[in-house]
Amino acid sequence: MDTAVVGSRPTKSVLTNSGGRRRPSQAEAEAAVRTLIEWAGDDPDREGLAGTPERVVRAYEEFFAGYNEDPVALLATTFEETTAYDEMIVLRDIRLESHCEHHIVPILGKAHIGYLPSGRVVGISKLARLVEVFAKRMQLQEALTSQIADTIPEVLKLADNIQELLEPRGVGVVIEAAHQCMTTRGIRKPGVSMVTSRMLGCFRDDPTTRREFLAMIGSPRSGSNGA
Ligand SMILES: [Zn+2]
């Protein structure tokens, strides 16, 4: 599947949050949930639903915690220097939980990240955190894929405060995920998963590198053609 992603660097609006809008109070957010319960046809005052607006608002804090984190700052201090390792580093099957920005229902799947370091490596657990920071926002799978990929060279560059540029030679990100807005509503297609990919540097330009990456992640069924 082609990804519809273009562009290279993450923009500032991607890295921070909602552009300085006033955040509603918790009471306002709970009132909005009450309204949605009524809209759905139920009584927000009945016993079972009494605590629901508060619980939903707390769940939102968890689902969307990524707006409060700067992925670059998160990773910038975690690099390690290595001269001994210049082979591909792959982290596969990273659990992915996000929410689609069209319906605010779950997107569940896996992310796979690979890169070819050139002197700097990012700790593996930090790559999983990077996925989480972007996933815990309202997302499109294509945008999520490219935000993760585009941030990795940015981080490795920032980590380097001397002049020498030590960007990775290439980065690849593949996401396979099922969208509950497709499986539980609308066209109702259970079992369908969407595969998106973003390839940078030699992952994009060198078919051998790309093949090696796709082989290491156990090449998703529908395959990916990169950019
Ligand atoms: Zn959706």
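**Core and pocket**

Me: What makes the largest nonpolar core a core, and which residues touch the most other members?

Reply: In this predicted model, the largest nonpolar core holds 29 residues, of which Ile 113, Ile 148 and Ile 175 touch the most other members. It is called a core because its buried Ala, Val, Leu, Ile, Met, Phe, Trp, Tyr and Cys residues are joined through side-chain atoms within 4.5 Å, buried being under 20% relative accessible area with a 1.4 Å probe and protein chains only. Two or more residues each come from α4 (71–76), β2 (89–100), β3 (106–116), β4 (120–122), α5 (124–135), α6 (141–158) and β6 (170–179), and α5 gives the largest share, six residues. Apart from this core lies another, of 10 residues, including Met 88, Leu 116, Val 174 and Ile 217.

Me: Which residues does Ile 175 touch?

Reply: Leaving out residues up to four places away in sequence, Ile 175 touches Leu 96, Lys 110, Ala 111, Gln 141, Leu 144, Thr 145, Ile 148, Met 194, Val 195 and Thr 196, where contact means heavy atoms within 4.5 Å.

Me: How do the residues of the lining of the largest pocket divide?

Reply: They divide into 12 nonpolar, six polar and five charged. Of the 23 lining residues, Arg 23, Pro 24, Tyr 60, Phe 64 and Met 138 are the closest to the centre of the pocket, and the largest share of the lining, seven residues, comes from α2.

Reply: Residues are numbered from 1 along each chain as its sequence is written. Local features need pLDDT of at least 70 and side-chain atom pairs count only at pLDDT 80 or more, while totals for chains, interfaces and linings use all residues, and side-chain values use heavy atoms, with hydrogens and water left out.

Terms used. 1 Å grid on protein atoms, 1.4 Å probe; cavity = no way out; pocket = protein on both sides within 12 Å on 5 of 7 lines; lining within 4 Å. Helix = DSSP H or I, 4+ residues; strand = E, 2+ residues; numbered from the N terminus. Nonpolar A, V, L, I, M, F, W, Y, C, P; charged D, E, K, R; others polar. Buried < 20%, exposed > 50% of the residue type's maximum accessible area, 1.4 Å probe, protein only.
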